[in-house]
There are 2 protein chains.
Amino acid sequence: MKTTIIGLGLIGGSLAKDLRKSHFATEIIGVESNPEHASQAVELGLVDRIEPLEEAVKNTDLVIIAIPVDKEIEILPLILDNIGSGTTVADMSSTKREIIQSVKDHKRRRNFVPAHPMSGTENSGPTAALEELFRDKITIICDHSESGPQHLALIEKMFQSLGMDIAYMSADEQDHSTAYVSHLPHAAAFALANAVQDKADRSIIFDLASGGFRSTVRLAKSSSTMWHPIFQQNRKYVVESLDVYIRHLQEFRDCLYNNEDDKLRDLILNANKIRSILEGENPHLIKNEEKLVKLYTK
Amino acid sequence: MKTTIIGLGLIGGSLAKDLRKSHFATEIIGVESNPEHASQAVELGLVDRIEPLEEAVKNTDLVIIAIPVDKEIEILPLILDNIGSGTTVADMSSTKREIIQSVKDHKRRRNFVPAHPMSGTENSGPTAALEELFRDKITIICDHSESGPQHLALIEKMFQSLGMDIAYMSADEQDHSTAYVSHLPHAAAFALANAVQDKADRSIIFDLASGGFRSTVRLAKSSSTMWHPIFQQNRKYVVESLDVYIRHLQEFRDCLYNNEDDKLRDLILNANKIRSILEGENPHLIKNEEKLVKLYTK
């Protein structure tokens, strides 16, 4: 399948590696505004060639958009303007409401499958691309009844080829849930990195940073180019989640300050429950095979 | 060397593995108040036998204390009461001021070397013990001029045998710095786990938890038995660090809420500097070999 990937960073580049390896993509065209990243992507063999956007989306089977959400919202209408009637378009981005809203009346809206694979690292650019980045992770597909069945089926098959399970939800549910499990942890890590730099000198941080500190601030290394627009597009829910988080931190701080030891212990024990949630079995998970069966028999 | 380890959890158990492997310890006596952990430690070969506390600290060369800080502060004077004049005692705990204060006038104070290896995982108990847990990590030694030179040298040699570098600081500096790089990240993770559980159901958290979320809340799995007393003993500095963190989070939240986009981007870019701090080279690090040379020639 001829596949065009727009944005050859961590996500686009990793996708290129896996789709080529599984032969899901037989020809990969790249679109990349950063000339250095464009050369690297060709040198690394992520794509067969680089083309300008409008040329690259014409006469292709599949277009994958993997660029920062502020750039995506600018060019998504242009992409839909230029594709043929049979071309499927999917995106990989972390916010969905505003993006879907921007093309809701477009005549090719049903060619578009809004998606969000929950996978990444704190690194960016084509050299950060990893094989198997998506395996055993979850992808969200939003408002799936608004996509044409053949386009939805193709994207489901693509995620299946990557080894992903699929969660279906509305764009609003995705933006709300993702605020808590992804955007808030990033904001928390950015603020933690700033707080620690505010109070401890570089030498002390370097000397004493243990594995625990490193894992908690890991996300604070994440690219501003990617994250700033995510926070802007999901402002409503990220602000809500920050308010909830600050309230919980303040409660923890006040318990400690006031020697409310029983309550403090209860707060820690409640937090500990995250272990059983993260390590448990979830009966509600829709495995992509079951879902595909459901889809094909409906 | 005959070595007594008090507390056979993650830290005591991991230490037993490495000290035995390197032949630093030729005989290891364990003290463990939890009967299940005591049996596990013997079955796993972490210790040669279990003895009651008073018996185990008499006629031994080295006593290592690796128990929660509230328990340590209870039994440290008793340990010093019962050791011989040549026995060295070190602890491995995360707070230092109150512990050192509790034995400042003890006649065996100079036998005691207060230490804090900056290494651990979110797991606990003898089955969580890992080989090489300490390799290439930093350990703090506090108020080292208050320990007898032969006791200090022995503990430095022990940490060197574990592959650790040593940072020397006062108990107050250690409690202050550790509040920021260890206690605050734990408190932040506990509050984040509570905030997310407050707003998202188990199924959503399980489905959508990406690597980023998992790494940010990993510390929220940590044992209440260990962490509650750490927060209590270091209340002053942990409250201070939480106040600083809440202020930075509130600033981030307000920038986002008020569309102060330039400032929000600057906050993210400042947070990104943590990468160069954590991945850089630190000229101030005192390698334990250099320090030992210094010590032996002074």
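Two strands count as paired if DSSP finds at least two bridges between them. Helices (H or I, at least four residues) and strands (E, at least two) are themselves DSSP runs, numbered from the N terminus.

A note before the views: this is a predicted model, in which local features need pLDDT of at least 70, side-chain atom pairs count only at pLDDT 80 or more, and totals for chains, interfaces and linings use all residues. Residues are numbered from 1 along each chain as its sequence is written, while chains are lettered from A and ligands numbered from 1 in the order in which they are written.

**View 1. Strand S4 of chain B and its partners.**
S4(B) and strand S5 (residues 88-91) of chain B pair in the parallel sense over four bridges, with Ile64(B) opposite Ala90(B). Strand S1 (residues 2-6) of chain B is also parallel to S4(B), again through four bridges, and there Thr4(B) faces Val63(B). Look at the side chains: Leu62(B) and Ile64(B) point one way, Val63(B) and Ile65(B) the other, and all are buried. "Buried" says that 20 or more other C-beta atoms lie within 10 Å of a residue's own; 12 or fewer makes it exposed, anything in between partly exposed, and C-beta atoms are placed from the backbone. In a regular strand the side chains alternate between the two faces of the sheet.

**View 2. The sheet of chain A, with a look at its edges.**
Eight strands make an open, mixed sheet in the order S3-S2-S1-S4-S5-S6-S7-S8. Strand S3 (49-50) and strand S8 (165-169) of chain A sit at the edges with a single partner strand each, so one side of each has no neighbour in the sheet. S3(A) runs parallel to strand S2 (residues 27-31) of chain A, joined by two bridges, and Gly30(A) has Ile50(A) as its bridge partner.

**View 3. Helix H11 of chain A.**
The 23 residues of H11(A) (residues 235-257) should span 33 Å at 1.5 Å a residue, and the end C-alpha atoms are 32 Å apart, which agrees. That expected span is 1.5 Å times one less than the number of residues. Among the buried residues of H11(A) are Tyr237(A), Leu242(A), His248(A) and Phe252(A). The buried residues pack against helices of both chains, including helix H12 (261-272) of chain A and helix H11 (235-257) of chain B. After the helix comes Asn259(A), with a positive phi near 55°.

**View 4. Where chain A meets chain B.**
Each chain puts 85 residues into the contact, where two residues touch if their C-beta atoms, placed from the backbone, lie within 7 Å. H7(A) gives the most to chain A's side, with 20 residues. That side divides into 46 nonpolar, 24 polar and 15 charged residues; Ala, Val, Leu, Ile, Met, Phe, Trp, Tyr, Cys and Pro count as nonpolar, Asp, Glu, Lys and Arg as charged, and the others, Gly among them, as polar.

**View 5. The axis between the copies.**
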